[in-house]
Amino acid sequence: MTPFCFEHVFLAATPADVFAAYFDPQHQIEQDRTLEIIEREVIELADTGDEICRRCRVVPRRQLPVLLRAFASGPLHYIEHVTGSRATHEIRIDLRLFGGRGRVTGCYRLEPVAPGPTSSGPDSLWPAGSVRRSYSGTVSVDVAVIAARIERGIVAEFERSLSRAAACTQKWLEQQTHRSVAARA
């Protein structure tokens, strides 16, 4: 089992704004385009008001290395099960891959950030209206001998893709703010 933890700070008024972006269908289309997801099939979607659950079959453009193809049934795809709580601004994520032999479990935690120093330097400041997204969890793969190598590869891919996904989300949040201001004018 390999742990991971990634953080991004968004310029957004509230955690609810970032939470809503995660479940917005138009944002999902833009993010899938950014991350080169070629197919997303929504298998289940339920919204009770307090909680939203979505289960999808996701097919990325990238394919498995030759070494891993023996463990997969067909092209690379995974089942993504996401459960979001509006009250806590947490999004639990469970990914199943390699026909159930691989699993990623994690949680997005969204919290307002007080203005303060950023990772880009001690003189930088987070502006008021910033939201921190912490994504932590574990990757586990049940493949003898090479499991740890596969798990590290998955975490490295998360690191690459989450930065691109965060940039896409920030752009989307900014567009929503501009649309809201324009609508009021």
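Predicted model: local features only at pLDDT ≥ 70, side-chain atom pairs only at ≥ 80, totals over all residues.
Arg 160 is partly exposed, with 49% relative accessible area; here buried means under 20%, exposed over 50% and partly exposed in between, using a 1.4 Å probe and protein chains only. Its side chain meets that of Glu 157 in a salt bridge, 2.8 Å from N to O. A salt bridge is a side-chain nitrogen of Lys or Arg within 4 Å of a carboxyl oxygen of Asp or Glu. Glu 157 is buried, at 18% relative accessible area. Glu 157 and Arg 160 are separated by about one helical turn because they sit 3 residues apart in helix 4, residues 147–184. Helices (H or I, at least four residues) and strands (E, at least two) are DSSP runs, numbered from the N terminus.

Residues are numbered from 1 along each chain as its sequence is written, and side-chain values use heavy atoms, with hydrogens and water left out.

## Salt bridges

By the rule above, the count comes to 13 salt bridges.

| Salt bridge | N to O distance |
|---|---|
| Glu 157 and Arg 160 | 2.8 Å |
| Glu 44 and Arg 55 | 3.2 Å |
| Arg 61 and Glu 36 | 3.6 Å |

Arg 61 lies in the loop between strand 3 and helix 3, and Glu 36 in the loop between helix 2 (25–34) and strand 2 (37–47), so this pair ties together parts that are 25 residues apart in sequence. Arg 61 is exposed, at 52% relative accessibility, whereas Glu 36 is partly exposed at 40%.

The bridge between Glu 44 and Arg 55 links distant parts of the chain, with Glu 44 in strand 2 and Arg 55 in strand 3, 11 residues apart. Glu 44 is partly exposed, at 35%, and Arg 55 is partly exposed too, at 29%. There is also a network of salt bridges that links Glu 7, Glu 111 and Arg 132.

## Arg 62

Arg 62 is partly exposed, with 36% relative accessible area. Contact means heavy atoms within 4.5 Å. Leaving aside neighbours within four places in sequence, Arg 62 is in contact with Leu 35, Leu 76 and Glu 157.

Arg 54 belongs to strand 3 and is buried, at 7% relative accessibility. A polar contact of 3.2 Å joins its side chain to that of Gln 28. A polar contact is a pair of N or O atoms within 3.5 Å; within protein, one must be able to donate a hydrogen and the other to accept it, and residues adjacent in sequence count only if both atoms are side-chain atoms. Not counting residues up to four places away in sequence, Arg 54 touches Glu 44, Glu 80 and His 81, among others. Arg 54 and Ile 93 are 39 residues apart in sequence, with 9.8 Å between their C-alpha atoms.

Asp 94 is found in strand 5, residues 90–97, and counts as buried at 17% relative accessibility. Its side chain makes a polar contact of 3.2 Å with the side chain of Arg 96. Beyond four places in sequence, Asp 94 touches Ile 79, Glu 80, His 81, Arg 103, Val 104 and Thr 105.
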